[in-house]
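Let's take a walk through a protein model together. Have a look at the sequence and the structure below, and then we'll go through some parts of it step by step.

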Amino acid sequence: MTWNKAADHLIVVLNTGFVHFYNYCGAAAAPSLPMEIPIACTSCDNGFVALVDTATEAKLVLVHLGRQKEYTMRELSLPQSIRQFMTTIALVALESVDKEETKEVFLSYTPWSSNSFICRCLFGASNSSFLELAVPVEGGRVLGMCRSPTSRAVAFMMLDGSLYSTSSGFSEVSLLRRTDVTLESFLQMTWCGGHCVAYLQRMQYGGALDEGEDCPCSLFLMNVDEPDNNDCISDLPFDACLLPEKDGAWVLSREKLFFLQVAPLAVQRVFSVASRAAGAMLVATYDEFMTGDASAVRMLRNLERASGALVEAVAECVAAAGFEFDAAQQKRLLRIAAFGRTFCSLCDSSAFVAMSKRLRVRNHLRLEPLGMIVTDQQLTDLGEARLLQRLTVCNEHQVAFCVAEAIGSDVKLVMLDWAMCRLARVSVHNKEEEREVAKQIVKKLKACSFTSFAELAQQAKVAGRGTAAVVLLDAEVNPSQQVTMLLSIGEPDMALKRAIHAADADLVFTVMVHMIRNRGSTALASLTAHKTTCDLLLQYVGVCEGSQQLMAECFNKHPRVQAYFHLCSYFREEARLGHALSQSMESGSWEMLQECKGVDIQAAIVSTKRAVEHSPRSQPTTTAFSPIVGSGIPFPLSMIEERFLQLQNNLLEEQTQLMNEYKDYRFLQASAADTIRYAFEHGRTSVAQRLKTAFCVPEKMFQRCMLSAYLCTGQWELIDDMSGISSSKKTLLDGEAFVTALLSYKRPQQAKQYISRIPKIETRMEYYVLCSDWFGAAADCKRNNDPDLLTQLKDRAKGNPDVLRQIEEGWCTLTQTTGISFPKFF
């Protein structure tokens, strides 16, 4: 058996000819692979290397997890000269720099009883190689080989009991010590941390060693840097085995579990007997302080006086707490560190807080039913993500959630896995239960401030839980993610509603394009049901050249849409004509532009008629109010547009005829009212009357057009004639209209004769002043017996003696004693 640390897989090689792969909770992690029964095996980074002897050749087989997350097998044939020494071969695989591409394996074989030879086998990215090193080692065959946790050193035990250490390239081989190990007593060898080699030996006291007898074992520990510094642990269970870790080694048996670890420097400095290190002094100071001994003050001052001693003491206590498994001892060391921090302002609290979090996690993992025992170094190397992944694989989501909160990690992945596990328990065919479970999941996740419902919905859809995916997406608060995910799970109609509700034009356009590409013309019914999407659809089919077929189908089903596009074309031609008129236009070019406008407006009329035919239901009549159509003419609602368009077409024809007759470009872009005014300017009163009747122009507007034309052409007598000043004609325009119009053309003498038609005296006073008719203003004040207005009038004279004289003369004018004063009625 071996453990793939990169993927958390247990690899088991059975004598049935198959290799099995299991995940952390014991479920199958990958398909089994067939392989010949190996003679020897050694673990590597993400798999193992096996020595296999087939009927034809001897070879090394590399089983590893590739980039595609699938286990593959690669083979390296060995020379035939080595095949006869298969029983003497030992293997060790080193951790390569390029973990994905190459694997380096060292092989030892013993052709003679006194020496062993080392070979280097390399599994490369494209080819493999075998090289025999010129490194003969005395002592018989190699009983066992093991690599250090960093793969920088290799230790191996020889048949004569010699223990050697070498570098990763076997360039320097050094003898550590000679032991009493024999072939029968040797059990296992491994590294215990980075500087200690441990080997397990079966012991027999008082007689020869019997293979069938359960003899106790002894574990020997040796410091590689100082071979004379060694230790021995006796009376271990007979079935003990060693499991290496980066910072130590596990001793595992059926009934007991030990963890061996070289005492770190921080622990030695704090707990060594008679230690004078800063950490040990802080522990002693705390103990004296808690017993009330006054010497604690002196000891604390000594620590404060030493440069950096108190900071060092706190750091050592915090580090020592990380190597403890007993919660009481952990709390004691952290309490001592906190005690030291109160007297030192330079201590960084980040290391203290981080260690407290890691200890809380380690204790939680160890005391839970899961029983996961990890050291501080193992927890750091494992990483937050892999730790949470292990817990979720074991369905310990509550523990994973608590751990993630304790270390300040993101709990999203834990919640996602928990939700998918809840959904997996529901039958795929029971949609109602699936919907209820999804609602419960949403309620639970919202209570935990979870917001990534779109990502959860995607996973649910991939797992075949479409009903749950829709429920989960309802809880998504981000419209962008919600709409995008609804489209990906095949719910465009719901996505369209969400996009419209979010009032996001980009999202609406995305949904619209998606529906058009996937449904074609069948999407028109959904898109035209909403005003927002209908407007965007009109813009889309208008500018997208590749949507001609869609445009034709849209026009067939919705003639009013076609009329809209014809009107858009009409306005574009109108803009072109306006631009052409602002430039030097050649003779006859306006006719082509005018004709294009006429074609577009006629096409819009035809489309509008088709729209009426498609909806033959009777509609209530309404009265259209328009400066062109007039008022008081009842039309059905569906016919108002058609009548307006027909009137516009008639206006274009009239304007074209007038342009040909008078060569006046103003006719080409004029409204109905302006066309009448231009006709008056050219002296065509009959034409103006005809246009008034044809376009139902109100009489008051008609008279305004007449007044504007007379003002432009300077026909002042005709203005007096139409107003009734010099004739008996009646006008609908009030006096203020004439006054303002004449004043705009610098005609105050003519304008003041219309002031009396203004009903409000305050307004009349203003116009009197504008016309400089001070006499008339004062006379009007006299007629209305308003001395206050007279006072205001004198104030506006600003002391001008001539103006004041006119005001006095007007006020002294005899009032009319007979007849009726009409201004008084207004």
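Before we start, one term: when we say that residues are in contact, we mean that heavy atoms lie within 4.5 Å. Also keep in mind that this is a predicted model.

With that term in hand, go to helix 31 (residues 774–783) and helix 32 (residues 787–797). Which residues meet here? On the helix 31 side they are Trp774, Ala777, Ala778 and Cys781, and on the helix 32 side they are Leu789, Leu790, Leu793 and Arg796. Sort these contact residues by class and you get 7 nonpolar, no polar and 1 charged. Two packed helices are described by the angle between their axes and the distance between the axes. For helix 31 and helix 32, the axes come within 9 Å and cross at roughly 160°. Angles over 145 degrees count as roughly antiparallel, so helix 31 and helix 32 are roughly antiparallel to each other. The crossing of helix 31 past helix 32 is left-handed.

Now try another pair, helix 7 (residues 349–367) and helix 10 (residues 397–407). Their axes are 9 Å apart, and the packing angle is about 165°. Helix 7 and helix 10 are therefore roughly antiparallel to each other. As for handedness, helix 7 passes helix 10 in a right-handed crossing. Helix 7 brings Lys357, Arg360, Val361, His364 and Leu365 to the contact, while helix 10 brings Val399, Cys402, Val403, Ala406 and Ile407. By class, that contact has 7 nonpolar, 1 polar and 2 charged residues.

Let's zoom in on single residues. Leucine 379 sits in helix 8 (residues 376–382). Is leucine 379 buried or exposed? Its relative accessibility is 9%, so leucine 379 counts as buried. If you skip residues up to four places away in sequence, leucine 379 touches Arg358, Val361, Arg362, Val374 and Leu387.

Threonine 467 is part of helix 14 (residues 466–474). With a relative accessibility of 17%, threonine 467 counts as buried, because the cut-off for buried is under 20%. Leaving out neighbours within four places in sequence, threonine 467 is in contact with Lys431, Glu434 and Arg435.

Time for some strands. Strand 6 (residues 47–53) is mostly covered, with 6 of its 7 residues buried. Strand 5 (residues 40–44) runs antiparallel to strand 6, and 5 bridges join them. In this pairing, alanine 40 stands opposite leucine 51. The hairpin from strand 5 to strand 6 goes through 2 residues. Strand 6 also runs antiparallel to strand 7 (residues 58–65), joined by 7 bridges, and here glycine 47 stands opposite histidine 64. This time the hairpin goes through 4 residues.

Our last stop is an open sheet of 4 strands in the order 18-19-20-21, with antiparallel pairing. Strand 18 and strand 19 (residues 196–202) are joined by 5 bridges, and methionine 189 stands opposite tyrosine 199 in strand 19.

How values were computed
Residues are numbered from 1 along each chain as its sequence is written. This is a predicted model: local features need pLDDT of at least 70, side-chain atom pairs count only at pLDDT 80 or more; totals for chains, interfaces and linings use all residues. Side-chain values use heavy atoms; hydrogens and water are left out. Two strands pair if DSSP finds at least two bridges between them. Axes are lines fitted to C-alpha atoms, for helices over the stretch in contact, and angles run from 0 to 180 degrees between N-to-C directions. Angles under 35 degrees count as roughly parallel, over 145 as roughly antiparallel, 65 to 115 as roughly perpendicular and the rest as oblique. A crossing is left-handed if the near helix is turned anticlockwise from the far one by less than a right angle, and right-handed if clockwise. Ala, Val, Leu, Ile, Met, Phe, Trp, Tyr, Cys and Pro count as nonpolar, Asp, Glu, Lys and Arg as charged, and the others, Gly among them, as polar. Buried means under 20% relative accessible area, exposed over 50%, partly exposed in between (1.4 Å probe, protein chains only).
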